Amino acid sequence: MKEVIIYTDGACKGNPGIGGWGAWLTFGEHEKRLCGGEQDTTNNRMELMGAIEGLKALKEKCVVTLYTDSSYVQKGITEWLAGWKRKGWKTASKQPVKNKDLWQMLDEECQRHEVTWKWVKGHAGIEGNEIADELANQGIEELRAAS
């Protein structure tokens, strides 16, 4: 199986507000840069979209190391998701899980691959994270330019 590294990030101007997501995929010498945005969204939704779209871009089952600076995404997928599913998409305090639609999409993408989740400190000079951050902001700029 191919071993792919993905760095993802989300950005929001205002929260909620206009947002963007980015994903930088590398496999050996190959790389793919993806970005997109939404007019009325939240930072957490854009962080999730970066991970979803990064995984969605893979055409075959891969061994993936996915880096995110969002502890919400990293903890959500590795620690909280199983409990949410068991409890019918309710949190420990019996509230509906926020962003359930995106968590379900992310869960589905994760089933297709062997994913290891890694948290990295944002804006700390880590190349992959900086590139993903630039892509997320590019997603916002492209959306602004199109509207």
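**View 1. Surroundings of Leu55.** Leaving out residues up to four places away in sequence, Leu55 touches Ile6, Val64, Leu66, Leu106, Glu109, Cys110, Arg112, His113 and Val115, where contact means heavy atoms within 4.5 Å. The model is predicted: local features need pLDDT of at least 70, side-chain atom pairs count only at pLDDT 80 or more, and totals for chains, interfaces and linings use all residues. Residues are numbered from 1 along each chain as its sequence is written, and side-chain values use heavy atoms, without hydrogens and water.

**View 2. The largest nonpolar core.** This core has 29 residues, of which Ile6, Leu55, Trp103, Leu106 and Trp117 touch the most other members. A nonpolar core is a set of buried Ala, Val, Leu, Ile, Met, Phe, Trp, Tyr and Cys residues joined through side-chain atoms within 4.5 Å; buried means under 20% relative accessible area, exposed over 50%, and partly exposed in between (1.4 Å probe, protein chains only). At least two core residues come from each of β1 (2-13), β2 (17-27), α1 (43-56), β4 (62-68), α2 (71-86), α3 (100-111) and β5 (114-119). Helix α1 gives the most, with six residues. Helices (H or I, at least four residues) and strands (E, at least two) are DSSP runs, numbered from the N terminus.

View 3. In soluble globular proteins, nonpolar side chains tend to be buried together.

**View 4. Cys35 and its contacts.** Cys35 lies in strand β3 (residues 30-41). Cys35 is partly exposed, with a relative accessible area of 23%. Neighbours within four places in sequence aside, Cys35 is in contact with Trp21, Gly22, Leu135, Gln138, Gly139 and Glu142. From Cys35 to Glu114 the C-alpha to C-alpha distance is 23 Å, and the two are 79 residues apart in sequence.

**View 5. The fold as the setting of the close-ups.** The protein has four helices and five strands, in the order β-β-β-α-β-α-α-β-α along the sequence. Its radius of gyration, taken over C-alpha atoms, is 15 Å, close to the 15 Å that the globule rule gives for 147 residues, so the protein is as compact as a globular protein of that length. The globule rule is 2.2 Å times the number of residues to the power 0.38. Of the 147 residues, 49% count as buried. Among contacts between residues at least 6 apart in sequence, 67% join residues at least 24 apart.
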